[in-house]
Amino acid sequence: MTDSRVHESLGKYPARRRFLVGFHGTSLPAFLREQLAQGLAGVVLYPRNFESVVGLITLTSEIREAAGGPVLIGIDQEGGTRFSLPSPFTQWPSPAELGALGDLDAVRGVGEAIGRELAAAGVNLNFAPMLDLHINPASPVTHRRSYGVLPDHVAKMGVAFHLGLTSAGILSCAKHFPGHGDAAIDPHEDLPIFHGDAVRLADMELVPFQAAIAAGVPAIMTAHILLPQLDAKYPASLSARLLREELRDRMDFHGVILADDLGMGAITRRFPLAESVITTFSAGTDMAMLCHDLSRLPPAIDAATAALDSGQLSGAAWEASGARIENLLRLAGKSQPEDLAMIGCDEHQEFATSLAQRVGGATRVAS
């Protein structure tokens with residue numbers, strides 16, 4: 001079964017609408033052009049996809065042209081971490097450094113400046129802020145990337161960054177729900193495990209996400225982490241207990257739930273592709289990411305389509321997810337590149353330099 005034609009059971013939301021994909025190379029593959037023309041929701045970009053700002057702008061223009069309408073163009077631009085864009089994009093202090101500084105206006109300013117530079121490059125979705133708590137000092141996920149340990153502090157920092165991005169017209173995506181700052185395994189390699197219970201989560205890890213929801217964050221990325229006291233079988237990204245019951249119902253999140261890359265070791269070591277796709281959608285995920293292997297997209301589309309046709313996936317839930325995705329696409333607009341001179345401009349460079357001097361002092365005081 002294929003999704004080359006929209007099945008009646010899919011209504012107006014074809015299965016490819018529920019995926020964000022990445023690719024290798026610096027030009028848009030013909031296959032990806034076809035998928036975008038047929039309704040693929042969007043593309044995830046990495047530094048591997050461009051060699052210059054002009055190359056990035058050319059690529060985002062190609063994506064929009066292929067889509068022929070609103071499309072999500074996402075990227076990681078956290079600032080000061082390995083998940084950040086290289087020069088000539090302005091180089092910012094890390095979230096950990098900004099968290100130590102504790103200046104909400106500065107964090108919002110960084111978010112706005114980052115948003116302006118992303119908009120100038122034709123990007124409309126930033127996979128940030130990261131709201132994981134840096135509880136385990138050995139965590140490979142939260143090192144430098146987390147605003148800190150205290151839930152209320154991380155909540156305020158993350159909301160400030162989200163508001164800055166929003167003011168620049170960029171969609172934010174809070175991550176990684178429900179948080180894996182207490183784990184010591186990188187989900188890119190294998191499955192982290194969190195042994196806390198629901199009370200611990202509500203009092204600690206979920207506080208920043210609840211604040212982000214209250215602030216109107218449009219999307220939340222889920223974590224590939226197992227919480228055996230809540231769901232002993234499925235990691236959070238595939239768990240109805242965590243997604244539907246906790247995030248959607250108890251926390252009252254109405255935006256798009258985005259599953260982190262289903263190609264990570266935490267998932268591929270345990271679940272075949274079709275099972276992970278069907279399970280995550282059944283659990284309440286709206287969109288899933290396939291970031292590194294385009295050949296995985298057709299079987300993922302086929303699996304979702306077959307599951308919907310057979311009734312394994314709820315038609316009503318499918319329509320609800322489709323509507324949420326369409327709303328996110330409307331918020332994204334056409335994301336036309338703006339002033340190229342905004343990228344690495346003097347104003348941003350001066351701001352970043354002043355912050356670097358301040359965070360250096362804050363770090364010395366903290367140590």
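## Backbone exceptions in loops

Asp252 lies in the loop between helix 8 and strand 7, where helices (H or I, at least four residues) and strands (E, at least two) are DSSP runs numbered from the N terminus. Although Asp252 is not a glycine, its phi is positive, at about 60 degrees, and its relative accessibility of 44% makes it count as partly exposed, the classes being buried under 20% relative accessible area, exposed over 50% and partly exposed in between (1.4 Å probe, protein chains only). The model is a predicted one, in which local features need pLDDT of at least 70 and side-chain atom pairs count only at pLDDT 80 or more, while totals for chains, interfaces and linings use all residues. Residues are numbered from 1 along each chain as its sequence is written, and side-chain values use heavy atoms, with hydrogens and water left out.

Arg144, in the loop between strand 4 and helix 5, likewise has a positive phi, near 70 degrees, and at 36% relative accessibility it counts as partly exposed. That loop between strand 4 (125-126) and helix 5 also holds Pro129, and the peptide bond from Ala128 to Pro129 is cis, with omega near 10 degrees.

In helix 7 (residues 206-214), the buried residues are Leu206, Pro208, Phe209, Ala212 and Ile213. Seen down the helix axis, they fall within an arc of 160 degrees, so they line one face of helix 7; the arc is that of the directions from the helix axis to the C-beta atoms.

Helix 10 (residues 273-283) has 8 of its 11 residues buried, so it is largely enclosed by the rest of the structure. Just after helix 10, Gly284 takes a positive phi of about 125 degrees.

## Nonpolar cores

A nonpolar core is a set of buried Ala, Val, Leu, Ile, Met, Phe, Trp, Tyr and Cys residues joined through side-chain atoms within 4.5 Å. The largest such core has 67 residues, and those with the most contacts inside it are Phe19, Leu32, Leu36, Leu45 and Ile63. Helix 4 (residues 104-120) contributes the largest share of this core, 8 residues. A second, separate core of 24 residues includes Phe177, Phe194, Leu206 and Ile213.

## Lining of the largest pocket

By class, the lining of the largest pocket has 10 nonpolar, 5 polar and 7 charged residues. Here Ala, Val, Leu, Ile, Met, Phe, Trp, Tyr, Cys and Pro count as nonpolar, Asp, Glu, Lys and Arg as charged, and the others, Gly among them, as polar.
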